[in-house]
Amino acid sequence: AATTAELIDNGFLAPFRVFAPSHPDLAGVRTVAGDYHEGQLSEAMSKPMLVADVVGTWLRVGDNRPTLCFAVDRAHARRLASEFEAAGVSSAYVDAMTPRDERERIKERLRHGLVRVIVNVATMTTGVDLDVRCIILARPTKSQMLYVQIVGRGLRTACGKADCLILDHSDTTLRLGFVTDIHHRRLDPGTRKAGFAGGEEKPKPLPKEC
């Protein structure tokens, strides 16, 4: 499979820059099913100083770019959206219960510059056809897949788009590396081969030059 780095180098995806302006304290947050416990994570990320820093950082370096902000849960997302509005930044809120027609209206408002920041909860990680030039990571994750999906929403190329700005308030980049560091030698198509007896196929050794 092509890697993210190869797709960027060949012009299929936009390059990106990462800023990590704040570092949340996640020491007391448990891990459940391979990722952070949502309730405890929301509490850790909803501290007033962290929420204010998300908005303040965007105001300082976000360059008024069309932005997707990824929050932990509904309460956290609404708090972030309210803080953006209080700072004079037109924002919108989207979660799994937001009707499809309302989502489309919000997307159109972003396309026309009437909304600058869409704060969402686990709803805009895939299938987003928008010219997004800034991603706010306010939702820490241990999942490589989720991390790549989130950052990927800002890597779509567009006319006049030099790069995507990643504002990482989650320390995910520090934990998992850049998305260009994450790649696998092959993809699992999700189908069983003929004669598959339930055993796991042994991985082939890497070439010596790797």
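Biologist: A charge sits over a ring if NZ of Lys or CZ of Arg is within 6 Å of the ring centre and within 35 degrees of the ring normal. Which residue lies over the face of Tyr93?

Modeller: Arg78 does, at 3.9 Å from the ring centre of Tyr93. Please note that this is a predicted model, in which local features need pLDDT of at least 70 and side-chain atom pairs count only at pLDDT 80 or more, while totals for chains, interfaces and linings use all residues. Residues are numbered from 1 along each chain as its sequence is written, and side-chain values use heavy atoms, with hydrogens and water left out.

Biologist: How many helices and strands does the protein have?

Modeller: There are seven helices and eight strands. Both are DSSP runs numbered from the N terminus: helices are H or I with at least four residues, and strands are E with at least two.

Biologist: And how much of the protein is buried?

Modeller: Of the 210 residues, 44% are buried. Buried means under 20% relative accessible area, exposed means over 50%, and partly exposed is in between, with a 1.4 Å probe and protein chains only.

Biologist: What share of contacts joins residues at least 24 apart?

Modeller: It is 75%, counted among contacts between residues at least 6 apart in sequence. A contact means heavy atoms within 4.5 Å.

Biologist: New topic. How many aromatic pairs does a search of the whole structure find?

Modeller: The search finds two. Rings of Phe, Tyr and Trp (its six-membered ring) pair if their centres lie within 6.5 Å; planes under 30 degrees apart count as stacked, over 60 as edge-to-face and the rest as tilted. The rings of Phe16 and Phe178 have centres 6.3 Å apart and planes at 50°, so this pair is tilted. The pair links distant parts of the chain, 162 residues apart: Phe16 is in strand 1 (residues 16-19) and Phe178 in the segment after helix 7 (172-176).

Biologist: Is Phe178 buried, partly exposed or exposed, and what is its relative accessibility?

Modeller: Phe178 has 40% relative accessibility and counts as partly exposed, whereas Phe16, at 18%, counts as buried.

Biologist: What about Trp58 and Phe84?

Modeller: Those two form an edge-to-face pair, 6.0 Å centre to centre, with 90° between the planes. Trp58 is in helix 3 (residues 48-61) and Phe84 in helix 4 (residues 74-86), 26 residues apart. Both Trp58 and Phe84 are buried.

Biologist: Where do the buried residues of helix 4 lie around its axis?

Modeller: His76, Ala77, Leu80, Ala81 and Phe84 are buried in helix 4. They cover an arc of only 130° around the axis, which puts them on the same side of helix 4; the arc is taken from the directions from the helix axis to the C-beta atoms. Their cover includes helix 2 (38-45), helix 3, strand 4, strand 5, strand 6 (117-120) and strand 7.

Biologist: What comes just after helix 4?

Modeller: Gly88 is found there, with a positive phi of about 85°.

Biologist: Lastly, where is Thr98?

Modeller: Thr98 is in the loop between strand 5 and helix 5, and is buried, with a relative accessible area of 8%. Leaving aside neighbours within four places in sequence, Thr98 is in contact with Tyr93 and Arg103.
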